[in-house]
Amino acid sequence: LGLSGQYPTIDFRRRFAGGEYIIVGDRFGLKEALLNLLKNACDAMPDGGTLTVGGRCNPQQVILHLQDTGPGISPGQAEKVFLPGFSTKPFGSGYGLPQAKTAIEASGGRLSLVTDGQPGACFEIRHNRFPTPEATLRPFVPRNVGREDISWWLD
């Protein structure tokens with residue numbers, strides 16, 4: 001059972017532009033990072049809301065956006081969200097986002113908070129389709145990760 005069963009008050013939406021969303025990276029690390037981001041977004045909307053996962057791709061990269069309709073992240077908090085130990089949750093450890101960022105970067109991607117004036121919070125993952133020289137320094141077995149994986153994790 002995916003996230004839709006765990007968060008029945010959240011409306012999950014998918015907004016993927018055409019193209020093949022396949023990247024070569026650390027499937028386990030990327031899955032854990034994406035699940036952490038999705039759960040954080042859901043936890044930010046305890047009374048319900050909308051979580052939109054969208055993406056687009058070009059020949060070099062896959063770009064994903066995770067946009068929630070929660071209270072958002074203040075400018076002061078935005079500077080700290082990737083610092084170990086910082087949390088906006090009353091009982092959060094503050095290690096989920098730093099671990100997600102590390103996992104994505106180790107696999108050749110980049111995680112950032114997008115501050116575009118939209119309500120809620122939006123995180124962006126930019127991931128190279130193929131391993132970079134930096135990513136090959138980390139000992140992992142690259143696996144394909146595709147759009148079907150993302151849809152499965154949501155359902």
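Predicted model: local features only at pLDDT ≥ 70, side-chain atom pairs only at ≥ 80, totals over all residues.
Colleague: Where does asparagine 128 lie?

Modeller: Asparagine 128 is in strand β6, residues 122-128. Strands (E, at least two residues) and helices (H or I, at least four) are DSSP runs, numbered from the N terminus.

Colleague: Which residues is asparagine 128 in contact with, leaving aside neighbours within four places in sequence?

Modeller: Ile23, Gln60, Gln61 and Gly108. Contact means heavy atoms within 4.5 Å.

Colleague: Why is glycine 108 called buried?

Modeller: Its relative accessible area is 14%. Buried means under 20%, exposed over 50%, and partly exposed in between (1.4 Å probe, protein chains only). Glycine 108 is at 14%, so it is buried.

Colleague: Where is glycine 108 in the chain?

Modeller: Glycine 108 sits in the loop between α4 and β5. Just after α4, glycine 108 takes a positive phi of about 105°. From glycine 108 to valine 24 the C-alpha distance is 8.9 Å, although the two are 84 residues apart in sequence.

Colleague: Is histidine 127 buried or exposed, and what makes it so?

Modeller: Histidine 127 is buried, because its relative accessible area is 2%. Histidine 127 lies in strand β6 too. Its side chain reaches the backbone oxygen of serine 107 at 3.1 Å. Its contacts beyond four places in sequence include Ile23, Val24, Leu30, Val62 and Ile104.

Colleague: What does the side chain of arginine 126 make a polar contact with?

Modeller: One partner is the side chain of glutamine 61, at 3.2 Å. Another polar contact, of 3.0 Å, joins the side chains of arginine 126 and glutamate 124. Arginine 126 lies in strand β6. Its C-alpha is 5.4 Å from that of glycine 109, 17 residues away along the chain. Arginine 126 also touches Arg56, among other residues beyond four places in sequence.

Colleague: Why is glutamate 20 called exposed?

Modeller: Its relative accessible area is 56%, so it is over the 50% mark. Glutamate 20 is found in the loop between β1 (10-16) and β2 (23-25). Beyond four places in sequence, glutamate 20 touches Cys57 and Arg129. The C-alpha atoms of glutamate 20 and cysteine 57 are separated by 7.4 Å.

Colleague: Which residues of α4 are buried, and what do they pack against?

Modeller: They are Gly96, Leu97, Pro98, Ala100, Ala103, Ile104 and Ala106. They pack against α2, β5 (109-114) and β6.

Colleague: How many residues line the largest pocket?

Modeller: The lining holds 25 residues, and Asn40, Ser87, Thr88, Lys89 and Leu97 lie nearest the centre. α2 (27-43) and α4 (96-106) each supply at least two of the lining residues. The largest share, 4 residues, comes from α2. The pocket's volume is about 490 Å³.

Colleague: What makes it a pocket and not a cavity?

Modeller: On a 1 Å grid over the protein atoms alone, a cavity is a set of points where a 1.4 Å probe fits but cannot get out; a pocket is an open set with protein on both sides within 12 Å along at least five of seven lines, and lining residues have an atom within 4 Å of a point.

Colleague: How many helices and strands are there in the protein chain?

Modeller: There are 5 helices and 7 strands. Their order along the sequence is α-β-β-α-β-β-α-α-β-β-β-α. Of the 155 residues, 45% are buried.

Definitions and conventions: Residues numbered from 1 in each chain as written. Heavy atoms only, no water. Points joined across faces, edges and corners; volume = space filled by probe spheres on them. Polar contact = N/O pair within 3.5 Å; in protein donor to acceptor, adjacent residues only side chain to side chain.
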